[in-house]
Structures are given as C-alpha cells and as structure tokens.
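These notebook entries record what I looked up in the structure shown below.

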Amino acid sequence: MHDLGKEMHNLCHELFPINRSITGEGFRKSLAILGGHLPNLKTVEVPTGTKCFDWEVPREWNIKDAYIVCPNGRKICEFKQSNLHVIGYSVPINKVISLDELQGNLYSLAEQPNAIPYITSYYKERWGFCITQNERDKLEVGEYRVFIDSELINGSLTYGELIIPGETDKEIFLSSYLCHPSMANNELSGPVVMTFIAKWLAGLKSRKYTYRIVILPETIGSITYLSRNYKKMKERVVGGFNVTCIGDDRAYSYLPSRKGDTLSDKVALHVLQYSQPDYITYGFLDRGSDERQYCSPGIDLPICSIMRTKYGCYPEYHTSLDDLDLVTPTGLFGGFEVLMKSIECMEYDEVLFSVVLCEPQLGKRGLYPTLSTKTSTSNVRNMMNLLVYSDGSHTSLEIANIIGVPLWELKETIETLKKENLITSKAC
Amino acid sequence: MHDLGKEMHNLCHELFPINRSITGEGFRKSLAILGGHLPNLKTVEVPTGTKCFDWEVPREWNIKDAYIVCPNGRKICEFKQSNLHVIGYSVPINKVISLDELQGNLYSLAEQPNAIPYITSYYKERWGFCITQNERDKLEVGEYRVFIDSELINGSLTYGELIIPGETDKEIFLSSYLCHPSMANNELSGPVVMTFIAKWLAGLKSRKYTYRIVILPETIGSITYLSRNYKKMKERVVGGFNVTCIGDDRAYSYLPSRKGDTLSDKVALHVLQYSQPDYITYGFLDRGSDERQYCSPGIDLPICSIMRTKYGCYPEYHTSLDDLDLVTPTGLFGGFEVLMKSIECMEYDEVLFSVVLCEPQLGKRGLYPTLSTKTSTSNVRNMMNLLVYSDGSHTSLEIANIIGVPLWELKETIETLKKENLITSKAC
Amino acid sequence: MHDLGKEMHNLCHELFPINRSITGEGFRKSLAILGGHLPNLKTVEVPTGTKCFDWEVPREWNIKDAYIVCPNGRKICEFKQSNLHVIGYSVPINKVISLDELQGNLYSLAEQPNAIPYITSYYKERWGFCITQNERDKLEVGEYRVFIDSELINGSLTYGELIIPGETDKEIFLSSYLCHPSMANNELSGPVVMTFIAKWLAGLKSRKYTYRIVILPETIGSITYLSRNYKKMKERVVGGFNVTCIGDDRAYSYLPSRKGDTLSDKVALHVLQYSQPDYITYGFLDRGSDERQYCSPGIDLPICSIMRTKYGCYPEYHTSLDDLDLVTPTGLFGGFEVLMKSIECMEYDEVLFSVVLCEPQLGKRGLYPTLSTKTSTSNVRNMMNLLVYSDGSHTSLEIANIIGVPLWELKETIETLKKENLITSKAC
C-alpha cells in the first residue's frame, strides 16, 4: 500500500517544475497530467472578463523567461532556475536600471535568508523579482538589466471537473487547487492526493453518493465555479473537503466548516480522533483557502479541511523551501488514508433501527457466549451497545462516537446484525 | 432506625442458603419469604415455551444434590455445602470419568484461588462444577465419579408483582431480581432492600404516584414481564430504579438511564450529590442488569440504578466471597436511605408558581427579620430564592439544584409558602 | 475626560451629608440636586398607604435631631455628627434610662470597632442608636438620656423619572436608588454615575433606543414604580442595568439577570471581558438590590448589574467607613466608562447581512493589499471575518465575540462595509 505513497510522490515530481498560476499554460499542462490519471476529467475554460459574483475572470498570464543581469554580467533570479523568482502576474519589462530602483522591485525574507519567497500581484499591474536575502545582500552599486518576457492577454481561466456517479444524486464535494508554482505541500500535495482519491472512488464497485471533484485555481477559481454551480450544489452536496497541505510528515490538522457541525466536520473529527489522536484543531477564524468561499453566507456548503501541516503554520510555507523533501511518500500516503477513511465514514453513515423489542437472544444465533462468567468480550459489548443505541434517532457515526469505537471497526458487526435481521437502516 | 439495617440483614440470612435460579423451586421459596413481608405481593407463573419478544421461557430447572467423588473416596464440590459448586442449569449426570475429562468441566479462578466462581449455562445444555483453585490444584490422576441429580422440565418461570396504589395512575417502577443462588450483594441486597422500601411505601398515609414493584429473574424475567406489560408501562411510568448491589459498605454508585436525563436520573443525582457526594458515576455503557431491557429502544422506560458497589466492580463479585460479611446492616440501611430519599424527591417534585408580583412582603407575615443589618440568614435566603425561581418553568427539584439546597431541606419552606398563599404548584 | 471623575466626586460630596431614607425630606432634597443636572427629571410623589402589589407605601419619616446624654453630661451618638447614629425610621423618644436598657437599643460591630453600622427598621416601630464598638465599650453604669426628634407621618414616597426619547419606543431601562444616608459606594456612586450617564445620553445627536431612567428608594421604590409601569415596560424594555456600587477603585463585578442570557447580560460580559478582563462574576443567587424586583417572576425585565465592588463584598459595606475616600474620581470614572460602553454596544448591536455571494473583491475598493505575501494584517482579517459571519443569523455583538474583537473596535469597519454596500443591517 506504501507503493501508493511513492506513486503520489512521483506525480508530484512530474508536476513540480511547471510554472503554474491562476491562469495560463502551466495550469493547463498540469491539469492535463492529472487528467492522464482521471479519464473522465473534464476541462473547462472560462473567458477573461466573465462576471463571477463580485469578481471577473482576469486576463491570462503567460511567461517564457525572466532574469536580472548584474553590473558584472552575471545572471541572477533566473526564471528557468526557479519560477518563484518572478512575482506572479508580473508585466513584461526589459530595461536597465540602477540598484536603487531595482531594490524597490525585489522581495526577500530577512528571517529566512536562503529562501525565495512566493509573491503574486494578480489584480494590480506591477513587476518584481523574488530573491534570497543572502543573494540580495551581495548586490553592488551599478546598473542592472531587468528582463521579463511575459504577457497578459484576453484568454481564459481553466479548471477541471470530474463527476463520479453514485446510487443517489446527493453529492460529496472534493476541491483542490493547482495554481501554485514550484512548491510541494502548498500546493501539489492537495491535487495529487485528491487525484488518487478520485481513482480509488472510481474503482469502487458501488458508491452511495455521487462525487463532484474539482481542480481549480484558488479563490478566483472557486468563486468562478460556484457562480456557475452553487444552486444545484446547495441542493445536493451533503459533505466534502477542501484538500490542501496534505503531504508532509508532521501533524494532522482539522479546520472546521463555518457552521462547525456538518457531516464533514463530524466525520473528520471521528477519523482523526480514532486514527490520529494527536491532530491539531484550528478554528474557522484560521481559514485561508477555498473554504472561505464554500462556507460563505448564502453559499454555506458543508465543507471542512483535513490537512497535515496547515498553510501558514510551517516555516517553509510560501517559499522555495516547501519542496519535495518536505513532502514525502509516507506523508502523502497518510493524508490519502485519512481522506479515504473520512469518505468511507460518510458512505457508512446511516440511521439504525433495532428490529426486536428488548435485547435479542444473541445466543441462539451463535453471537453470544453460552457460558455466563464474570467478564464479557469487547466484541459482544460492541454488538450489544450498537443494538441498544439503534433507536432510529442515532446514525451509525453517532453510535460509534457514543460507544467509543471507530466506525470502520463496527462495519462488520453492523453487517452481521443486518443479515440476522436484528437491525435495519435508513439514509441519514 | 438502624434496627431496619439489622432486620434487612436477618432477611438476607434467611434467604442466603436457598438455591435460586431463573426458574424453579428455590426462586418460588425465596419469593414466598419476601411475600411474608408484603401481603399483597402477587405470584405469577409463566409456562415454559411462552414467547416473549425474541425469547421464550426456558424449561424449569430443579436440583436435589450434586458432588464429585475423588479416587480416594473423598466427596468434593458438594452442592449441599455450597450451591455455587454446580453450574446453573446443569443437566443430570452420574458417571465415572478420568481426571482429564473432569478438568474440561471444572471452573475455577486462578487469581482468586479460594473463591468458588458463579457460572451458569441457561441456554446451552451442559454440566459442570465450580471449585476453588486451591482444591482443584490438589486433584490427582484417577477416576472420578460426577453426580448431579437435577432435572429440566416443562414448568414455568415465576415472578412477583406488587401494585401499591397512589393518588394518580402515574407510576414509579421498582424492579429487582432474585435468581442468584448463595451470594449477598449481587444478589440478595436488591430484593431485600426493595422489600423494605415497599413496606415503607405501603405504610405511608398517601402517595402521589402508584408503585409498580416487581421481583423477577434477571434478563429473561424482565423481558417476560415487559412483553406482557410494556404498553401500559410506557403510558404510566414516570420514573423508577433497578435495585441491585445495594448492601455493602463501600461506594455509592449511579448508573444512568439510556437517555440520561429522565426524572429518575435527576433525582438520583440530586440525592447522591447532597447526601453521598463521593458517589461514583458510571455510564450507560457500563450497564449489566435489567436496565438493559428497561432502557432498550422502543421500551424506553425512565429507569436508572442507584447502587452501592456496582456489579463487576468488586473482587468478590460472582463468587462465593460475595457473602454476608460483605453485606452489612449499615450497608443495607444506607442503600435503603438513598432509595427512600430518591422516592421522596419524586413525590415532592412539582412545578412551582409565585402568586404575587415582585417580592412579597415577608415581614408582615413574620417570615423576615424586622431589622435590616449587614447579613441575612440562610433560611431567609432559601425562601427568597425559592420564590424568585417559582416562575412556572421550574420544578421544585430544579430549584433545589439551582439554589444548591437538597429538596428535603426545602420541603418545610415550600409548605410554609403554600400556607401563606405565596406559591402554588402543579404536577410536573 | 478625568475631569468627569472629579465632577462626579464633587457631586457625591454635595450629597453626602444629607440624611436620606426611603421617604422624607432628605430624599427630596437629594433628588432636587440631581435634578439640577437633569432638567427634564420629573419628581413623582406616591401617598402613604398606596397599595403596590403585596406592599403599601409606608409613612414618611423625618428627623431633626438625636443624641444620647451620658451620666457625665457628655453627648454621644449625635445625629448631627453622623446620621448613621440613628436607626432608620426610629420613632421619637425623650427619656432617661439605665445603661442596661440602653444597651438593648444600641448596635455596634465587634469586628469593626471603629465603624458605625447602618441599620434600619422600616416596617416595625422601634428606636435605636448605632455606635462604634470602641465608644460603646467606654459606657459606664448610670442614667442616660436618649433623645430622638423624629416623626412618622402620612406623607408620600418620592421618586424621579426621566424619559429620553430615541428613534424607536423600545427602551433601555436604568435604575438607581438614593435612600441611603451618609455612605458613598453603597450608595451615592450609583445615582451620581447614572446622572452623568443620563447627561451624556441627552447630549447625543441621536439614540436608537428610548431611555427610561429612574431614581428611587430601594425595594419599596422599585416595587412602587413597577406596580404603576410594569405592563408597558414588559412590552418595551429590551435591556438595562441596576446601577449601584460603582465608585470605588477595586474590582469590576457582574451580576446576571435571572435568565442570564438577555441582551444586557451579553453586553455586560462583552464590555467587561474586553475592557476589564479581571472582573468578578457573581450569580443571581448573590443578588441583593433592585434586580430582585426587576427579574422577579412575571416582571422578568432584562436587567443585570455592572458594579465595581459589589454590596456585601467589602468590609466598609453598610458602615460609616463607606466614605468619600473609598469612592474616588477614578473609581467613578471607571464605572461611568463601562456603563457608557455597555450602552453603546446596545445601540450598535444589529443583525448583519452580506450583500454579495462569496468574498467580495476588496482589492478593487482599496480595502485589500494588492500584493499577496505570507501574512495579512489584523485589519483585513477583521474585515473578512466580519463579512463571513454577516449571514443574517448573527448580530454585530455576536460576531464581535466570535472573532474576538470588542464591538467598539469593529464599528468603523462596519461603517466602511455599509458605505461600500457590502453589508446591510436590520434591528435585532
């Protein structure tokens, strides 16, 4: 099963060098690579200028090359070395300027002198370079040539959408974003883990829920998607996750939906509590990704986040240090597992009803020890507890929480009791 | 009042040696002794084979004698020495067998080498002997004669039922069980304390509630009783207790109903908090007696348990060490007292209404000091507090909890305020 | 602004020497002084014998002089030195008595030997003197002349009422009492701070709420006032405070309404938490002032108390030590400030609604940084948080609590977002 971790890490490697932004060829190329794993992934293009609620789709940005030539002729901040060197959405420039003027367009991190920061300016035209503090400190007085071969054109915003049908048209919604250039935890781990979750879902014999899976640019992408789909989503979506920062080896983290008690929240807390009890709980005030849109007033989708180390909470965040050493096969696999378990719990969750009044006689069905001694086994306890709470007012997930056993460990007992016609169930 | 403790202990002594099981002559004889204290106790017989929900009444078991003869001619495991030596519902046998074969039918406790365990096999035919580990370790290779003079016949299951009428047909339900052979806390303390509670109730001048009191075999008895009575009980029963393990000198214990917030739970917590604050709280997951049936889905009676040391939670449990040294007159009397207080609280509990707007002028009624100084007495505080919460949305029990005074200490103040026409009341 | 503290302290000085009681000339004179600050304050007289719920207005008490002449001719307990020397509502007397008889009519505090206690006997006719323990201990055997020149006549009970109109007829109710003679925290601080609050309210350009402000004698005054006004008050009053013990330099204190979750409680807790986090929380069981009436069953006004050191909780309480050293300009000003902030929060509180779906594009309005870096400012965070909880189910006060920012710090952001047409509001 750990092969899955390696496969996901390999896919990250393949995607890592591509220059992505909220629009443009890098995004399209990356999406096509994920589409290679997901044959039914549909690519959608939304033209520049399209109105999306309070926003409109921006111009498309593409870039071929960029660098700075120092007074001594040395090239620095080469885009081809690291696409983080150029501020996202930089306008083209080709000009000789003084060190003073250059400094006004340089960005570095004094506290992380060997990191290139990740900076963007989507909605205000500017140009700029990101550079390590160490390199910046070495710049000498003189004339610098700054060169950015980019373009901002009327084009389109691209996203991917995959619908995996289930027994009902109630939906689980999974969303991740692909607009970050060469960084690994935030953000290649999200779309890569979600791609493998989608493959696993598509391979299942049956699914109770239909799955709506989208790969977008962050913020403008989710706003664009919602503006075209939110009405039917509000009717259908019963749960789901924003999939991000899910590939490193550190903490598991939970960030609630705005309402805090949706099915997604309950499932996330159950899975983390029983499989990763050291997980960190954040509040909705700590949000910072597309749950900002999915949980906004009037949208109100039941979406929360299960992460490993949360965006903003690790030193490598939004710098060149967020790389493929930080994200590991085991980290990706752990993230995959908690997401898979969470989806399984949503699939398993149903209202349970006892069929007979009082305790049934389990002994005559071979489900109870024939000898009454001082102690009873945990299996029998679990079965009795499950039966006594199957009163039509609790779901299987709620019962699992009450009796303190993970839902996945109760699944077999539930099946046995159904087969014996001792419990029945109803969709939540 | 401690004479009551001795009377109860004497009754335990009288009942102790009788061999009881879920059916049979020992149960009938024991019930008749309790009936000597409760003239209106009705004995009910339910024939073998009667369907009771998912169960049916088993055959009746009676036993005259049992023992093992050792190779050297010595008799061991003599039923007449201790009826725990024979597994409950053992089929008859009279046979010479090897030590090896014998071992497969012996039960002992390695960790309690001088205790005879209590074992039953109601629903699978087998035979067996229970023996101390010390004695078992002395057995030598050779031929053993095993002799059990028992019978399993079509007969009936026996239970006792006592209805003590009150002013309304709303009922308090009290249940205990009498199916255990020679053990004292679990279980002679329960039926004995409940018998004395019934005597006390029958002797009261008036009762708000009708009392339904049953003495049954555990599990099959309560299932049988419910199968014949649950419909009217669901309409009438407003509270009650499963009375068990209530005679030793150790902890007081509370085990909630399944819903956890019934009148019975509220009363039990109030009484224990204010009279036995060191009591232990268990969860419904720790259940193990007839609340398993009374609180099952679709039955849902408001029944919880007030115990001293709970079944399963003391080393002597279900062994020959659970004897009349463990159960004491003070232990039984303490159990009697918390049950009595709990029933009194249910009788006292009612919705209270202030009659006048704003504080009444207590001074002109002689209920308030005429001199206003720095401090006020707790009596006056309690009276003012009672008045201010008598708003028609709180019961006297709730008010007692809010103001932090046991209900029995407020009773006199409530009567005074009623007499002064400052509060009125309504049944809950 | 600290001048306000001095002004309030000066007003306390002016009022301090006047002998006040629940009726009589001292109360009238004190009320007239406050009326000098509040031109629209209406004085109401309610005749002796008027029925008020369970009470009736007592006779009016006035006193000119009182003292004791010792065997050696020395005058002690002179009313003109301290009006606390005479028990409130003492009947007239002029008689020579033995020390023994005198002792039965003296009141002192053994634990505070240099304090004169404050004692009253409104509803039982008696006479008596209050004396320091030190002085009492010096009394010698002999004949004492006791002289009290007081009268109990059919007159009236006096109170002041001020209505300051607002945009709606929904009311905020403020109440304080003026019936205590020469004491400072309990009670001149209350009516004095409330008078300055009323001046501030009257000077505001606009008020959402109408303000009903009353200055009464405690208990009988609030009962009298309610008996004439409670029906319309129950319809109109949405919040308010009993203003008492609000002038010393020690703790801030909160005493809840009986229901505990009214607008007043929410506002008091918000203001104290964010401006005086070391405040002390009492329970409604600790009540002792006019909230006893305002929160009584059937009256049920949403009134709680914000105090500095609560009545009964400081050693000087109800003695001559509660003086104008204990109450200070800073103490009074601090009390004024928390009350003012609380009233502002009630005025600000309203239900908020986001206007656009998803996050609005704040950048195009100049409300968001154009450069996306690792961090965001608290201003922007607050704005985003405010928007995301403006869902029509939260008031601004609730949002302030959720996002952990005092409402007064959010006011400007709310105004900005309204101006940008990004949120709208509705009265609670």
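**Entry 1: A:Glu350 and its surroundings**

I began with a side chain of chain A and found that A:Glu350 makes a polar contact with the side chain of A:Lys418 through its own side chain, at 2.7 Å. The model is a predicted one, and I kept that in mind throughout. I then noted a further side-chain polar contact of A:Glu350, to A:Ser425, at 3.1 Å.

Where does A:Glu350 lie? I located A:Glu350 in the loop between H9 and strand S17 (351-354) of chain A. Is A:Glu350 buried or exposed? Its relative accessible area is 12%, and buried means under 20%, so A:Glu350 is buried.

I also listed what A:Glu350 touches, leaving out residues up to four places away in sequence. Among them are A:His394, A:Thr395, A:Ser396 and A:Ile414, as well as A:Lys426 and A:Cys428. A:Lys418 and A:Ser425, the partners in the polar contacts above, are in that list too.

**Entry 2: Two residues with positive phi**

I looked next at backbone angles in chain A. A:Tyr89 has a phi near 70°, which is positive in a residue other than glycine. I placed A:Tyr89 in the loop between strand S5 (75-76) and strand S6 (93-98) of chain A. Its relative accessibility is 3%, so A:Tyr89 counts as buried.

A:Asn421 is not a glycine either, and its phi is positive at about 60°. I found A:Asn421 in the loop between helix H12 (407-419) and strand S19 (423-426) of chain A. How accessible is A:Asn421, and what does it count as? I recorded 48% relative accessibility for A:Asn421, so it counts as partly exposed.

**Entry 3: Chain A as a whole**

I then stepped back to the whole chain. Chain A holds 12 helices and 19 strands. Its C-alpha atoms fill a box of roughly 90 × 45 × 35 Å along the principal axes. Of the 428 residues in chain A, 61% are buried. I also took the contacts in chain A between residues at least 6 apart in sequence, and 81% of these join residues at least 24 apart.

**Entry 4: Nonpolar cores**

In soluble globular proteins, nonpolar side chains tend to be buried together. The largest nonpolar core has 88 residues. Those with the most contacts inside this core are A:Met8, A:Leu174, A:Ile197, A:Leu201, A:Ile213, A:Phe241 and A:Phe336. Which element gives the most to this core? I found it to be helix H9 (residues 329-348) of chain A, with nine residues.

I followed one of these residues further. Not counting residues up to four places away in sequence, A:Leu201 touches A:Ile164, A:Leu174, A:Arg207, A:Tyr211, A:Ile213 and A:Ile343. A second, separate core has 87 residues, including C:Leu162, C:Leu178, C:Met383 and C:Ile423.

**Entry 5: The interface of chain A and chain B**

I counted 25 residues of chain A in contact with 33 residues of chain B. The area buried between chain A and chain B is about 2400 Å², and 52% of it is on carbon and sulfur atoms. How many salt bridges join chain A and chain B? The count is four. In one salt bridge B:Asp54 pairs with A:Arg365, with the closest N and O atoms 2.8 Å apart.

Polar contact joins 13 residue pairs between chain A and chain B, both residues being at pLDDT 80 or more. On the side of chain A that touches chain B, two or more residues come from each of helix H10 (378-389), strand S18 (391-395) and helix H11 (396-403) of chain A. H10(A) has the largest share of that side, six residues. By class, that side of chain A has 11 nonpolar, eight polar and six charged residues.

**Entry 6: The interface of chain C and chain B**

I found four salt bridges between chain C and chain B. C:Arg292 and B:Glu359 meet through their side chains in a salt bridge of 2.7 Å, N to O.

Technical notes
Residues numbered from 1 in each chain as written. Chains lettered and ligands numbered in written order. Heavy atoms only, no water. Core = buried A, V, L, I, M, F, W, Y, C linked by side-chain atoms within 4.5 Å. Buried < 20%, exposed > 50% of the residue type's maximum accessible area, 1.4 Å probe, protein only. Helix = DSSP H or I, 4+ residues; strand = E, 2+ residues; numbered from the N terminus. Contact = heavy atoms within 4.5 Å. Buried area = accessible area lost by both parts, 1.4 Å probe. Polar contact = N/O pair within 3.5 Å; in protein donor to acceptor, adjacent residues only side chain to side chain. Nonpolar A, V, L, I, M, F, W, Y, C, P; charged D, E, K, R; others polar.
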